Amino acid sequence: MPVGPIPCLKWGSSVTESVITCRNVSKVFGPNPARHLADLRANPALSQSGYVHAVRDVNLDVQRGEMLVVMGLSGSGKSTLVRCLSRLVEITGGTVTIEGQDIATLSEPALIDLRRRKMGMVFQSFGLLPNRTVLDNVAFPLEMRGQDRATRYARARDMLDLVGLSGRETYFPRELSGGQQQRVGIARSLAVEPDIWFLDEPFSALDPLIRREMQDEFLRLKAMMNKTIIFITHDFDEALRLADRIAIMKDGRIEQCDTPDQIVLHPATDYVAKFTAEIDRARVVHIGSLVQPLTAPVTGDPVAANRTIRELARQLVSDPRSHIPVAGPDGRVIGAVLRQTALDVLLGDGH
Amino acid sequence: MAATARHATTARLILALAVGLVLVKSLLPAGLIRPPEWLVMPFADWINGVFYFLQNDLGLMTLTRAFSDVVEWLLDVTANLLYGKNRWPNLGPIPWGVIAVTAFMAGYALKGWRLAALSGGTFVWIALMGQWQWAMETLSVIVVAAPFSVTLGLVLGVLAWRSASFERVLNPILNIAQSLPHFAYMIPVVVFIGVGPKAGAIVTIIFSVPPMIRMTLLGLKKVPEEVIEAGKMSGATRWQLLTRARIPTARAEILIGVNQVIMQCLAMVVLASFIGMPGLGQKLLQLLQALKIGLSVEIGVTIVLLAVTLDRLSKAWALRLPEHGHPSPLWLQRHRLLVIWLALCALAFALAHFFPCFLEVERKQALSVAKPIDALMDQVIRLIAPVTAWLRWFLITWVLIPMRDAYLWLPFTAVLSLLAAIGWAIGGLRSAAICVAYFGLIAMSGWWDRAMITVYMVTISVALAALIGLPLGIWAARNTTRAARVLLVCDTAQTFPSFIYLIPVIMLFGVNDVAVVAAVVVFAAVPIVRYTVEGLQNVPPELIEAANMSGATRRQLLWHVRLPMALPTMLVGANQSVMFSLFMVIIAAFIGTQDLGQEMQRALSSTDVGKGLVLGLAVAFMGLMTDHLILRWSEGRKRTLGI
């Protein structure tokens, strides 16, 4: 892994409380997974038919309020990984800890309670109940908790309002378009006010225009609430657009887990480099991630750390200074950027 | 490929053995021509022993009696409501108008005007024809039996879905249960329960459970994984998941199961007349035996209308897709249909109160058209008598009798070798062993000759059915509208209880083997037509376009592209066709055959459980063997075609 500057998701703020922790998580599908995993530990080159090693030794820490995007092509194990985190599948090896609690040890009632209070999940093909109205679908998790009808309908109506589906309460899922169905899925997953929000390729089944619209909608929702989000996608552009951090998976392993800036600036492996090769880095990289400590006094107005190189293009080209000061969110100068480095990123040189 | 070639060689060797056995028949010892005495096992006595133990020593009798008492009580309630039998709650009979109006409104609510007209019209017809009492006797059993079957099937289906080992045990039982002829069910029921409506209801319940189990299991397995995961993430417990996510999502399959239960119930209730079940079936049986054609046609029409109505209503319910309503603040507006229904019911009650003919149409007032039908039929029959007489003579002397004699002449060892050869050619050693085991058991049962007669009737009927059905299916599949129409006819024909098919053939041919074969041919041709049309219609259009662009003529297209692609589907039709003919041959026994069916009728009248079950299992084994062979063949074809 590259040792770049500290991931500067929210320049200045330093959140370090880990909500989800994975240690050496492995998932093997097959007739006797535990045995196969033990065999693999003894002989890593072993390949046995009938077994699929979907997730291999994944280590991951997800911070509170962070949005982690897990990106990988189909068969890379990303969907299995998110199901390990929510214990929709039982993990074969390692531990998954949620808020300090090892979820593998939870009893069934405790697990159900955890899901009822803390988790929400959105699915690729929506997973809506076809026989229930939109309103009843959104109220479903509340119904499972045993809330009375009036409360849960009131809450469900609020949720539908939030995703812009008011007036469709009595519709059935099959009467809605794909984008609308996914809005219902999102409303349902948010109904219990979860702390942890899983989204498993939520926009992959939608056509490109709707997908873009739903991404904007998602960013709007995300800005409104402070949730820990695990978002799965196979679309690298989507990942760059939405993520605080991206974990790129291949063959069940995490190839690299870092901020979008760092991934496009310093891809850790050739596999990651293949994804970043065609990306316009200037649109992704924020000036803040190029900052170096001050060595000499700087002059003039600083630029804000959270602006992309593309946004600053005009200024970068015309600025006479060789070192441009950069300010954090509080307006204090946190360092300077070498103009040449920024121009290299803008013009696609250097790497 | 190498394996297939090896199979073919072995199969040819065994076939040569079979031919050899036939050729040297006169030299064979008697023990190779008919199963020798020492090979025949007293299966019937063993079964009787088990039943005696269950019945007397285990005290199962008290349990079945208790269950049948509950059923009887429910039957009395429905009988009182539907046709005014003098039992608690003594409210009935409900006037026929009320029931007709209810059926009408149910049809309207489920599908619209046309279904409303059909279902309402059916009950009006029944009332006007003076058949109300009989039809209600039949219906009262269905009303009690169907909910029992549905509940039982649902519970067993859920259990089979929960536990794989239970499913493994249940599967072969269901396979056998679904290939046992109707009569085989009746005999044990007669032993445990006796005869009459109660026994009829119970045999109907048992007979109609298997499809419900199958459909429940299928539906639960088909629920999308994401729906279940969504339920789990919503914090549903296992029970909540089952009752609020899994079962509702499997609604369509489960309701198709309900539809099948209702249709099976109707088919069985009509046949249960053989064990003293009153109603339409019993009347039809009496009238047919007395050769009163006009009246039997009327009852036949009633049964057909009832079957189609029940089928369409339950199917409309199953296939109904939910649709959002516009919630109106007015109670009256939201419950419009309910209010109309109540108003119409009140009207019908009032009419019945003031005019007795709206309570019940008596026989003498009925608009029976039996006399004109009789006269018309007489004319028609006289007109075509030369044709039917010639056909009857030709078929009996030149086809049926020679074939029957040939089948009976064959040494049983030759038959077994032939089956082994076919089995080996299709599925290797395993299939060959299965074929020999099934027919070996039949040989050991001691009913070889009777079984051969059944086999001969089925083979000739299926062959004739294919001769008619294949060209018809190919013709129908040539354009889409025609195909849709033919499929509708086939679907409708398949809802008729098998008994109905006997009416026209007895009219035309009288009571003999030709009538039986004719009935079976018609009954067995329906699935062949249906699946031929479906198979040909479902050939991927790209393939047809590719063939057209390669310059294929219509004939080349049919022979080289469409038929080979449709073959696996057509084989399903052939399979059903064989099953249907087996059932029909056995039912037709009461108009005079000398096969297993006749013996089964005897076993029924002497309540010989052992004999009845042995005969029933013999029929089931024939069906299961064909099923296995055709399934293996079709799987092989599918694999080759990559579908």
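This is a predicted model: local features need pLDDT of at least 70, side-chain atom pairs count only at pLDDT 80 or more; totals for chains, interfaces and linings use all residues.
**Domains of chain A**

The domain assignment divides chain A into domain 1, residues 106–243, and domain 2, residues 283–347. Taken over C-alpha atoms, the centres of domain 1 and domain 2 of chain A are separated by 39 Å.

**A three-stranded sheet in chain A**

An open sheet of chain A is built from three strands in the order β11-β12-β13, and its pairing is mixed. Strands β11 (303–304) and β13 (333–338) of chain A are the edge strands, since each pairs on one side only. The two pairings of the sheet are set out below.

| Strand pair | Sense | Bridges |
|---|---|---|
| β11(A) and β12(A) | parallel | two bridges |
| β12(A) and β13(A) | antiparallel | five bridges |

A:A327 of β12(A) stands opposite A:A304, and the bridge partner of A:A327 in β13(A) is A:V333. A:I324 stands opposite A:V337 of β13(A). Strand β12 of chain A covers residues 323–327, and four of its five residues are buried, so that β12(A) is mostly covered.

The hairpin of β12(A) and β13(A) has five residues between the strands, and A:G331 takes a positive phi near 90° there. Helix α13 (residues 339–347) of chain A packs on the sheet, where α13 touches β12 and β13 of chain A. The direction of α13 makes about 65° with that of β13(A).

**The contact between chains A and B**

In the contact between the two chains, 24 residues of chain A meet 22 residues of chain B. On the side of chain A, the elements that give two or more residues are α3 (108–118), β6 (119–122) and α4 (134–145). The largest share, four residues, comes from α4(A). By class, this side of chain A has 12 nonpolar, seven polar and five charged residues.

**A helix pair in chain B**

Two packed helices are described by the angle between their axes and the distance between the axes. In chain B, the axes of helix α18 (residues 370–409) and helix α23 (residues 513–537) come within 9 Å and cross at roughly 90°. Angles of 65 to 115 degrees count as roughly perpendicular, and α18(B) is therefore roughly perpendicular to α23(B).

Helix α18(B) contributes B:R392, B:L395, B:I396 and B:L400 to the contact, while α23(B) contributes B:D513, B:V514 and B:V517. The contact of α18(B) with α23(B) has five nonpolar and two charged residues, and no polar ones.

Methods:
Residues are numbered from 1 along each chain as its sequence is written. Chains are lettered from A and ligands numbered from 1 in the order in which they are written. Axes are lines fitted to C-alpha atoms, for helices over the stretch in contact, and angles run from 0 to 180 degrees between N-to-C directions. Angles under 35 degrees count as roughly parallel, over 145 as roughly antiparallel, 65 to 115 as roughly perpendicular and the rest as oblique. Two residues are in contact if their C-beta atoms, placed from the backbone, lie within 7 Å. Ala, Val, Leu, Ile, Met, Phe, Trp, Tyr, Cys and Pro count as nonpolar, Asp, Glu, Lys and Arg as charged, and the others, Gly among them, as polar. Domain bounds come from an automatic or database domain assignment. Two strands pair if DSSP finds at least two bridges between them. A residue is buried if 20 or more other C-beta atoms lie within 10 Å of its own, exposed if 12 or fewer, and partly exposed in between; C-beta atoms are placed from the backbone.
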